[in-house]
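This report covers the contact between two chains and a few side-chain pairs elsewhere. Please have the sequence and the model open while reading.

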Protein chains: 2
Amino acid sequence: MHEPNQEWYFVERPEGEPTLDCFELREGDVPTPRRGELLVHVRYLSVDPYMRGRMRDSASYAEPWAVGDVLQGGVVGEVVASESPAYEAGDLVTGRATWSEYAVLDADDAAPVDPEIADLPAYLGVLGMPGRTAYFGLLDVGEPRPGETVVVSGAAGAVGSTVGQIAKLNGCRVVGFAGTDEKTSWLTDDLGFDAAINYRTTDAYRAALDEVAPDGVDVYFDNVGGPITDAVFTKLNVDARVAVCGQIAHYNDEEVPTGPRKLPLLIAPRARVQGLLVSDYATRFGAAREQLETWVASGELDHRETVVEGIAKAPDAFLGLFSGDNVGKQVVEVAGPSRGEDHSP
Amino acid sequence: MHEPNQEWYFVERPEGEPTLDCFELREGDVPTPRRGELLVHVRYLSVDPYMRGRMRDSASYAEPWAVGDVLQGGVVGEVVASESPAYEAGDLVTGRATWSEYAVLDADDAAPVDPEIADLPAYLGVLGMPGRTAYFGLLDVGEPRPGETVVVSGAAGAVGSTVGQIAKLNGCRVVGFAGTDEKTSWLTDDLGFDAAINYRTTDAYRAALDEVAPDGVDVYFDNVGGPITDAVFTKLNVDARVAVCGQIAHYNDEEVPTGPRKLPLLIAPRARVQGLLVSDYATRFGAAREQLETWVASGELDHRETVVEGIAKAPDAFLGLFSGDNVGKQVVEVAGPSRGEDHSP
């Protein structure tokens, strides 16, 4: 195809908080899929906090982006041309690709999307990587038991909102931290959280927790770090488990962040703190997806997506993650409403 | 009995570092054992870092001492009178009692001591609570695998020196931090540690680790906290395990200590950090004791005790723990050499 293809390039490593200067929109050619690949017309792009790590020039779990690379991330789109027997033109798929209007996906790495179960953006959130992260992080690392108190930071995000609901499905008392009253209301009124704390309208996190988690904290699912985490660690019960999924409060730090030491707090409760990467659970993604789809289809697992329209806005959507602009999963609708078709149920 | 009985009382809660003013030696009566109890002539008293926690007026895993209480701790002694069928006068036993010349022990809580296996002080160290702490902390929390690198802080202490040797018995590469050249030499020359770092003669802990642990750290057994721990956390390998046994660097802090945040360092390696209390493993103490005695008897597990002579010196021995005066296990010989008999093999 010789249509122009808008693509976002990574052109400058940020120091501290990333800016729009890190990104550049260029016009390229629509790529040609090779054997085993799919050419996809991208409908939605995912922007995720972990991508901040890929902007650093240091090896971590996610390979760093090289300056001059096309940006990469999760997408949902429609197959335009298939070089794999597993898919044909017109199929809706999700997978890892590039921040572009047209992208090539490895068919083995792609998964089908069923718009009868949920609208397309949900496949980048509750039915995508964030949903799987919540599922394995809570169940495998957090090991919640009925009657226990589960605290979630970043609770109105794609991961946190799913964590809290799965904890409720497991019979737990659930407390979430979020940054606006709209978000805290969503958590308690729509998602069934037992309590939610707006961390921007109080700074007495420990006192707030004393009120809504009077029996202490059995499971803490941490997406954030910083002072919220400091407060939660002072309330860990015997045998408490902490899943360290993200530390978005610190992703833009240029100096090593400091804070209250936590190891002295772990001894008396024999608490366990464990870092979490969803890729470790890849062999069980199928089972997770099936369970998550079942819960979504039955209405037991609610979800929201915050949609920014137009591929031109992708960097803004990414930067907005660090100020908490999103409720639920932040996605980018590539075409914008003027060009997109509606595959929502 | 109407002999006088020297007893140490806890008379003042410390702020910050404890001083001799916290303790008072008084003369009481020799107690009378009740049914199920033993009257023991105490030969050796144990002083342990965890006792600092009992000096605080706040509930923790160890019940706080009340001001005015007789101090409590582990002892080894000889049964003088028995109200239990399990022991008779002349038996050597170890158990929990008071800092005093004569003490009453619960027979159910006592264990026999065999001076053919090791001299009596060892039953407060490698064959006592510290040895069991090392055993369960390393094997159950640290889960060392052959070929892995194990780092131990407080490595020349009663717990740390045992941890390192058990790690060697499990085929690991072992690196210890200790505070004098005498200690580091003991670790490498006598105990078989692969390397030891004197934390007082360098402050470049990370660089020192780069040299002796070039492949990173798989297991960290932490007795200390502070800057040593800060350095080790920057070198955790994928799937690393950290056993938080003690944080002696922070026990005397009056303010909440601060330092580099560690949770951001856990995500990429999916490291696990877990607090440890040996009492959780009580049902398996028998098996641990059997294994530790076997290793000690065969010479595979070496040990040292630092003996302070005379019950009058017990507080000094305790305070010395915080300046690292002890090599191996710190004990107090109650009678002093002029009154004691030698039960050592």
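## Strand pairing across the chains

In which sense do β14(A) and strand β14 of chain B pair, and over how many bridges? The model is predicted, and in it the two strands, with β14 of chain B covering residues 272-275, run antiparallel to each other and are joined over three bridges. One of the positions involved is R272(A), whose bridge partner in β14(B) is Q274(B).

## The interface of chain A and chain B

Chain A and chain B each bring residues to the contact: 35 residues come from chain A and 35 residues from chain B. The size of an interface is often given as the accessible area lost when the parts come together. Here the area buried between chain A and chain B is about 2,800 Å². Carbon and sulfur atoms give 63% of that area.

Polar contact across the interface of chain A and chain B is found for 12 residue pairs, counting those with both residues at pLDDT 80 or more. On the side of chain A that touches chain B, at least two residues each are supplied by α6 (226-233), β13 (258-260) and β14 (272-275) of chain A. The element that gives the most to this side is α6(A), with five residues. By residue class, the side of chain A that touches chain B holds 18 nonpolar, 10 polar and seven charged residues.

## Salt bridges

Side chains of opposite charge can pair when their charged atoms come close. Over all chains, the structure has 37 salt bridges; between chain A and chain B the count is four. A salt bridge joins D230(B) to R261(A), with the closest N and O atoms 2.9 Å apart.

Within chain A, R13(A) and D57(A) form a salt bridge at 3.9 Å, N to O. This pair links distant parts of the chain, 44 residues apart. R13(A) sits in the loop between β1 (4-10) and β2 (23-29) of chain A, while D57(A) sits in the loop between α1 (51-54) and β4 (72-82) of chain A.

## Aromatic pairs

The count over all chains is 22 aromatic pairs. For F10(B) and W65(B), the ring centres are 5.9 Å apart and the planes stand at 55 degrees, so the pair is tilted. Because F10(B) lies in strand β1 (residues 4-10) of chain B and W65(B) in the loop between α1 (51-54) and β4 (72-82) of chain B, the pair ties together parts 55 residues apart in sequence.

Notes: Residues are numbered from 1 along each chain as its sequence is written. Chains are lettered from A and ligands numbered from 1 in the order in which they are written. This is a predicted model: local features need pLDDT of at least 70, side-chain atom pairs count only at pLDDT 80 or more; totals for chains, interfaces and linings use all residues. Side-chain values use heavy atoms; hydrogens and water are left out. Contact means heavy atoms within 4.5 Å. Buried area is the accessible area (1.4 Å probe) that two parts lose on being put together, summed over both. A salt bridge is a side-chain nitrogen of Lys or Arg within 4 Å of a carboxyl oxygen of Asp or Glu. A polar contact is a pair of N or O atoms within 3.5 Å; within protein, one must be able to donate a hydrogen and the other to accept it, and residues adjacent in sequence count only if both atoms are side-chain atoms. Helices (H or I, at least four residues) and strands (E, at least two) are DSSP runs, numbered from the N terminus. Ala, Val, Leu, Ile, Met, Phe, Trp, Tyr, Cys and Pro count as nonpolar, Asp, Glu, Lys and Arg as charged, and the others, Gly among them, as polar. Two strands pair if DSSP finds at least two bridges between them. Rings of Phe, Tyr and Trp (its six-membered ring) pair if their centres lie within 6.5 Å; planes under 30 degrees apart count as stacked, over 60 as edge-to-face and the rest as tilted.
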